[in-house]
Amino acid sequence: MSRAASHPATELDQTKQAAPQPLTAKPGQAESLQESRQSWFARLRQGLSRTGSSIGALFVGAKIDEDLFEELETALLMADAGIEATTQILKNLRNKVKKDRLKEAMQVKEALREVLTEHLKPLEKTFMLPEDGTSVVMIAGVNGAGKTTTIGKLANHFQSGGAKVLLAAGDTFRAAAREQLVEWGARNNVAVIAQNGGDPAAVAFDAVNAGKARACNVVMVDTAGRLPTQLHLMDELKKIKRVVTKADAEAPHEVLLVVDGNTGQNVISQIRAFDAALGLTGLIVTKLDGTAKGGTLAAVAAGCQGVRPIPVYWIGVGESLYDLQTFNAAEFASALLGE
């Protein structure tokens, strides 16, 4: 591989790391993690309140008739669930109402929650790090989706679970991106491999080798934000992935796309384009606080418009470290209904 001799990758923040421990909560953390989860779910419910209120209100004093199903269809479409997903969900709801002979509006609402949960289940998957070896995680997305902030939160998440983490600042041309990642590294006591200008693939290559040499559990490679229509930048992403594979034949082990939950159906086109270029293994959905677009994940789960039901590992509802939590289909369905 061609190396950038004039701009060698350097370690901007090096700290001593403890030996890797099992990726579980440390003593005394279980209760605080549970409290954090409960607090986070309250924020998720608040964040999706615009969707939840529009759907949940339909069942107040409602009759179980065709008008109700038409109103549900409109509400799901307004929440950006998409035509295909909305059709699937309402078909399954109709069948359940008929099979279970439901007569009360609240019974139908509960049935819808169960149908939504089942519909979203294909997206629910636990992200695993190996106990032995180094997992290389490549992270991509459009400008402003929150990639660098998300990497900082994940570094904290993995580190608190006992993992040894290394970060690669793959956005080599935007000084602010490098500085932001270095700041997150300092905050989390995590080393960062970076380069002032030059080839982002070289940074990724050096980071993977450094991570393996130091027996890190995970190396996270940040990349510059880009639109799917910027073909030369999409080609650059492909190059980064190829070069990472030269450093480790099995890498990258995960290719994650960070998407902004506020962008609605645009998420579908982003997933389709990045998946075609990189072969995505998972999604991270950010900025779901204060959006009416929460139904987009239903469209992803439906596998419509040429998009696979790619797992959603994490969703975010704010800026704090603990506002990024694992995706849970039942929780998300309840929040969509304002429960």
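This is a predicted model: local features need pLDDT of at least 70, side-chain atom pairs count only at pLDDT 80 or more; totals for chains, interfaces and linings use all residues.

Biologist: How much space lies in the second largest pocket, and which residues are closest to its centre?

Modeller: The second largest pocket holds about 170 Å³ of space. Its lining is made up of 15 residues. Those closest to the centre are Gly144, Gly146, Lys147, Thr148 and Arg174.

Biologist: Which helix gives the most residues to the lining of the second largest pocket?

Modeller: Two elements give two or more residues to this lining, helix 6 (147–160) and helix 7 (175–188). With 3 residues, the one that gives the most is helix 6.

Biologist: How many residues of the lining of the second largest pocket are charged?

Modeller: The lining divides by class into 3 nonpolar and 8 polar residues, plus a charged group. The number of charged residues is 4.

Biologist: Are helix 6 and helix 7 roughly parallel or roughly antiparallel?

Modeller: The axes of helix 6 and helix 7 lie 9 Å apart, and the packing angle is about 20 degrees. Angles under 35 degrees count as roughly parallel. Therefore the relation of helix 6 to helix 7 is roughly parallel.

Biologist: Which residues in helix 7 meet helix 6?

Modeller: The crossing of the two helices is right-handed. From helix 6, the contact includes Thr148, Ile151, Ala155 and Gln159. By class, the contact has 5 nonpolar, 7 polar and 1 charged residues. On the helix 7 side, the residues are Ala177, Gln180, Leu181, Trp184 and Asn188.

Technical notes:
Residues are numbered from 1 along each chain as its sequence is written. Side-chain values use heavy atoms; hydrogens and water are left out. On a 1 Å grid over the protein atoms alone, a cavity is a set of points where a 1.4 Å probe fits but cannot get out, and a pocket is an open set with protein on both sides within 12 Å along at least five of seven lines; lining residues have an atom within 4 Å of a point. Grid points are joined across faces, edges and corners, and a volume is the space filled by probe spheres set on the points. Helices (H or I, at least four residues) and strands (E, at least two) are DSSP runs, numbered from the N terminus. Ala, Val, Leu, Ile, Met, Phe, Trp, Tyr, Cys and Pro count as nonpolar, Asp, Glu, Lys and Arg as charged, and the others, Gly among them, as polar. Axes are lines fitted to C-alpha atoms, for helices over the stretch in contact, and angles run from 0 to 180 degrees between N-to-C directions. Angles under 35 degrees count as roughly parallel, over 145 as roughly antiparallel, 65 to 115 as roughly perpendicular and the rest as oblique. A crossing is left-handed if the near helix is turned anticlockwise from the far one by less than a right angle, and right-handed if clockwise. Contact means heavy atoms within 4.5 Å.
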